[in-house]
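Thanks for coming. Please look at the structure on the screen while I go through a few of its features.

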Amino acid sequence: MSNRISEEFIQKKEPVRLNKYLCEAGVCSRREADRLIESGRVTVDGQQAQTGMKILPGQVVKVGCRVVSKQDEMVVLAVNKPRGIVCTEERRERNSIVRFLDYPIRVTYIGRLDKDSHGLLLMTNNGDIINRMMRAANRHEKEYKVTVDHEITEEFLEKMSSGVPILDTVTRPCQVKKIGKYTFSIILTQGLNRQIRRMCSALGYEVKDLLRVRVMNIRLDGLRDGQYRKLTDEELEGLYELIKDSPGTPGGSGSKIGKGQAGGDYGSR
């Protein structure tokens, strides 16, 4: 967490509800925070916390034996990645998403979009969220709008939705819907490398445009090309609910991203 943000919190000297404090520190959702508080696992200045209480700067908040600090404040961003920007942390790549975003604290991507694809990319400084969202077994939804080089047929839709042999496997059944003569939407729950492009190619189609419009409960709506924003409280709460039962890191919630940790191939198109 940058000194800039922690200094802002100190300067404001405004009390923050404990469940919001725990959520913004990357511990859990507000709902789960209330459960933690009710269970007696949360203390403030050595005293058992009470539901609804507020926290002032300088107070010591613990969950079990672990001190929770606003200096560990979690950031999750929705980014509209433009074409030509590369999902990599390689410093030598001039068009990397990290260089493009130039965010004041260190964040990395949750799953890749390939260089020629564009649309919704989530970025965070929370390693546990990355791991929970990326595990293939968790089957989290990603939705795309795809334009191909010739007219979409019912046969194409049927084959795409039932599974296509690529990369020595058969893709999972998925939802596919025609939305134009050359355009369809597709909802995937796996993240094979360049999956949509490979599926289309196997059926004799070439992808001309690939736009990711949704990741789980987060939508691209309203973000212009190259723009980013923080998730709303409602979006963050919904995201927590969707991943709360997903296997994550052994260290539990709130783990920060480490050197070289990035978003893997989840959603790579």
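Let me start with Arg214, which is buried, with a relative accessible area of 8%. Buried means under 20% relative accessible area, exposed means over 50%, and partly exposed is in between, with a 1.4 Å probe and protein chains only.

Before going on, a word on where this comes from. This is a predicted model, where local features need pLDDT of at least 70 and side-chain atom pairs count only at pLDDT 80 or more, while totals for chains, interfaces and linings use all residues. Residues are numbered from 1 along each chain as its sequence is written, and side-chain values use heavy atoms, with hydrogens and water left out.

Back to Arg214. Which side chain does Arg214 meet in a salt bridge? The partner is Glu141, at 2.8 Å from N to O. A salt bridge here is a side-chain nitrogen of Lys or Arg within 4 Å of a carboxyl oxygen of Asp or Glu. Arg214 lies in strand 15 (residues 207–215) and Glu141 in the loop between helix 5 (127–134) and strand 10 (142–148), so this pair ties together parts 73 residues apart in sequence. Helices (H or I, at least four residues) and strands (E, at least two) are DSSP runs, numbered from the N terminus. Glu141 is partly exposed, at 29% relative accessibility. Through shared partners, salt bridges join Glu141, Glu143, Arg214 and Arg219 into one network.

How many salt bridges are there by this rule? The count is 15. Another of them is between the side chains of Arg197 and Asp114, at 3.0 Å from N to O. This pair also links distant parts of the chain: Arg197 is in helix 7 (residues 195–202), and Asp114 is in the loop between strand 8 and strand 9 (118–124), 83 residues apart. Arg197 counts as buried because its relative accessibility is 14%, and Asp114 counts as buried at 9%.

Then there is the salt bridge between Glu90 and Arg92, at 3.0 Å from N to O. Are these two residues buried or exposed? Glu90 is partly exposed, with a relative accessible area of 35%, and Arg92 is exposed, at 74%.

Now the nonpolar residues. A nonpolar core is a set of buried Ala, Val, Leu, Ile, Met, Phe, Trp, Tyr and Cys residues joined through side-chain atoms within 4.5 Å. The largest one has 22 residues, and among those with the most contacts inside it are Ala78, Leu120, Ile129 and Leu236. At least two residues of this core come from each of strand 7 (76–81), strand 9, helix 5, strand 15 and helix 8 (233–243). Helix 8 gives the largest share, 4 residues. Leaving aside residues up to four places away in sequence, Leu236 touches Cys23, Met74, Val76 and Leu231, where contact means heavy atoms within 4.5 Å. A second, separate core has 21 residues, including Ile166, Met199, Tyr205 and Leu210.

Asp102 is not a glycine, yet has a positive phi of about 50°. Asp102 sits in the loop between helix 4 (97–101) and strand 8 (108–109), and counts as exposed because its relative accessibility is 62%. Leu167, also a residue other than glycine, has a positive phi near 50°. Leu167 is in the loop between strand 11 (165–166) and strand 12 (169–170), and at 42% relative accessibility counts as partly exposed.
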